[in-house]
Amino acid sequence: MAVYRTLEVDIPKERVTIEKQKNGKPALIKYVIEAPYNREKGYPEPKRTTIGHQCANSRTKMHPTSQYKKIFPKKWEELTHEKVSPTIKKIGLFTLAQAVNAKTGIKDILDKIYGSEISGAIIEQALYSILHHSNAVSSFTQKMEDELLYSPEARSDSYYTDLFAHRMKEEQELSFKEAWASSCKNDGAEDVWLCIDGSNDDCQSQGVDLAEKGMSKSHTNNNVISFTYAVTVDGKPVSFEAYRGGLVDFKAMKVVITHLVEAGFHVKGVILDRGCCNSDVLHYLRDHQIPYIVMVKGCPSQCKEMWETYGSRIKMNVEYLVEDTCLFAAQQKVSLYHSCDWEDYVTLYFDYQNGSERITALLNNLYAARSKAPRQMERGKEVILEGKYEDLLVVDEAAEGKQKISLNTENLQKVINEKGLYSIVSSLPFTPHEIHSLYQARSAVEVQFRVMKTQLGYGTSRVQCSASLKAKFLVGFVAAVIRHELALAAAETGRSTNQMVQEADKLQMQKMNSSYVYTHTESERLKSFIEKLGIEDVFELIDESVMYENDRLAGRSGTPRKRKTGMAKGTHRQKVDENGNVIRKKPGVKPGTVRPAIKKDGTPRKKPGVPAGTKRGKFNKDGNLRKKPGPKAK
């Protein structure tokens, strides 16, 4: 292993150990290449390689080795101006991106609108957020430098700052939304129930016009930016909208629904969380004749009588059991708000499992809050109860002037009685079972909403202008689209999405001579995972990833896999009868069909068979005498 003693570089701060040597020899700088987990020993075993010798006159500098050159090719190029391709590159994320694009065409749409360079950067940032659960571009270069990317190299944070602020236009975002909605419609999502949710992100930047005062996630007085997402009941993201923090939610919902309707969607209805249960939202949906199913927030005064009448009656009462579930329910027509001059179908549910879990959590928290009182009294301090437990705990004066904390049993009983009860309002006369089934789809979609919010930066927008904000929301949406497809495939393997993404990221190709090679050592589970994404030949797809980089090294432009055009395999143009049932066509010509005597080119059509009067020759084609028909001579 060669040591370049004429060069000095900084010792890396991560994944490094310093191994001292005897006899005055310089300390060895060891770099952890990987740390596979040893199931037998119960801990990971790191594999290290020497990347440098510590300089004698500095504790932060080292003389690099040839291994440093292979592991840090970008830094080596900056140091020596010698371009070096990494010895090992990961190809798993690139392969997954190719598979998702072949299924959905998400990158093809981005290519058409933004061009191949910017679309590649968008996909790379989306993959980075999926792998590392972060949208901070400051660490993108370091964490993605050993990945195979659409770009020739990992982009810097300054590149993404300029890209988001100046190169991604609002007109292009609108074109992307329209194109993606049309693609979803063509894939069969045109007649759907939509699940719509939103959130607020803190934003302290003064350069973002959309930031206004609102209900911030941090419960501080910061400006916030609001956003709304719409997904189908199976979790597929179809549209999004970022808007001013002071704008009410139903106006943003109106923008999303109008956009989808113009794209050709038939919105059968919307399923909303309790945050959208207010008179403005219900008025808008009713005025536009959009059916809705909304979780009721708390117990409004209009529902109080229903809760008092049925709250205790339906509990564990088989008469109110919702079949095929473990729920009990009662339904009434109620006008939910004074400003609503119509009645909706309000269903009161009792979920005993959820109720028991919430009661257990409440009592444990209540006992923990009560246990703090003796410690406060020992220090001579006044007993102060947490605000949410003030009505459930009572401070009494005990003997010798001491204070005693006891439970307010009357108030506690009221709270316990409400645990496990919740209401859902529906504009259509659905049964409790139908409402539960539809809203249960919403519960599954909640996972997708949490993922989207994660891709956007954990409740805080770290941008300096409105253009950057909109661009990062678009990248987060693209990440959600990709992750949704990965989640569907992972569910069929019995593993989580994160586990399969991490397993795919272990696929590596090695450089030999002047090109990369890959030995197919992927597990059957990973192979099955990629097949679930719609790939028939997994080996071919992985080999295409290797070929893409080899073409680039040879000076040729790599060609990424695109989505196949035309109708999907096994589909046909369907016609339906008056009842909406598909008319199945039988193969072949219909009975009784007579072909015309004249062909399309005007020539007469010959009748099948041998023309009348034709006699066969005495000899066959091989020259032998043809035998006469009929029985053999005796």
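The points below treat the chain as a whole and then selected residues.

The structure is a predicted model, in which local features need pLDDT of at least 70 and side-chain atom pairs count only at pLDDT 80 or more, while totals for chains, interfaces and linings use all residues. Residues are numbered from 1 along each chain as its sequence is written, and side-chain values use heavy atoms, with hydrogens and water left out.

**Confidence in the model**

- The protein chain has an average pLDDT of 81, and 82% of the residues score at least 70; pLDDT is the predictor's confidence in each residue, from 0 to 100.
- Confidence is highest in helix α4 (residues 106-114), at a mean of 95, and lowest in strand β23 (residues 575-576), at 57.

**The chain as a whole**

- The protein chain contains 18 helices and 24 strands. Both are DSSP runs numbered from the N terminus: helices are H or I with at least four residues, and strands are E with at least two.
- Of the 634 residues in the protein chain, 43% are buried. Buried means under 20% relative accessible area, exposed means over 50%, and partly exposed lies in between, with a 1.4 Å probe and protein chains only.
- The protein chain exposes about 36,800 Å², of which carbon and sulfur atoms supply 49%. Accessible areas come from the Shrake-Rupley method with a 1.4 Å probe, and for residues only the protein chains shown count as cover.
- Among contacts (heavy atoms within 4.5 Å) between residues at least 6 apart in sequence, 61% join residues at least 24 apart.

**Salt bridges**

- The whole structure holds 20 salt bridges, each being a side-chain nitrogen of Lys or Arg within 4 Å of a carboxyl oxygen of Asp or Glu.
- E45 and K41 are joined by a salt bridge of 2.6 Å, N to O. E45 counts as partly exposed because its relative accessibility is 28%, and K41 counts as partly exposed because its value is 49%.
- D108 and K562 form a salt bridge in which the closest N and O atoms are 3.9 Å apart. This pair links distant parts of the chain, since D108 is in helix α4 and K562 is in the loop between α18 (538-553) and β23, 454 residues apart. K562 is partly exposed, at a relative accessible area of 48%.
- R552 and E549 form a salt bridge with their closest N and O atoms 2.6 Å apart. Because they are 3 residues apart in helix α18, R552 and E549 are separated by about one helical turn. R552 is partly exposed, at 21% relative accessible area, whereas E549 counts as buried, at 5% relative accessibility.
- A network formed by salt bridges that share partners joins K107, D108, D111 and K562.

**A buried lysine**

- K30 lies in strand β3 (residues 28-34).
- K30 is buried but has no salt bridge, and E19, the nearest side chain of opposite charge, is 4.4 Å away. Lys and Arg count as positive and Asp and Glu as negative, while His and the chain ends are not counted.
- The side chains of K30 and T50 make a polar contact at 3.1 Å. A polar contact is a pair of N or O atoms within 3.5 Å; within protein, one must be able to donate a hydrogen and the other to accept it, and residues adjacent in sequence count only if both atoms are side-chain atoms.
- Apart from neighbours within four places in sequence, the residues in contact with K30 are R15, V16, T17, E19, R48, T49 and T50.

**Residues brought together from separate parts of the sequence**

- E147 is in the loop between α6 (140-144) and α7 (157-167), and E147 counts as buried because its relative accessibility is 3%.
- E147 and L93 are 54 residues apart in sequence, with their C-alpha atoms 7.7 Å apart in space.
- H433 belongs to helix α14 (residues 432-455) and counts as partly exposed, at 32% relative accessibility.
- H433 and E323 are 110 residues apart in sequence and 7.2 Å apart in space, C-alpha to C-alpha.

**Positive phi angles**

- Most residues other than glycine have a negative phi.
- N23 is not a glycine, yet has a positive phi of about 60°. N23 lies in the loop between β2 (16-19) and β3 and is exposed, at 75% relative accessible area.
- Q289, also not a glycine, has a positive phi of about 55°. Q289 lies in the loop between α10 (279-287) and β14 (292-295) and is exposed, at 73% relative accessible area.
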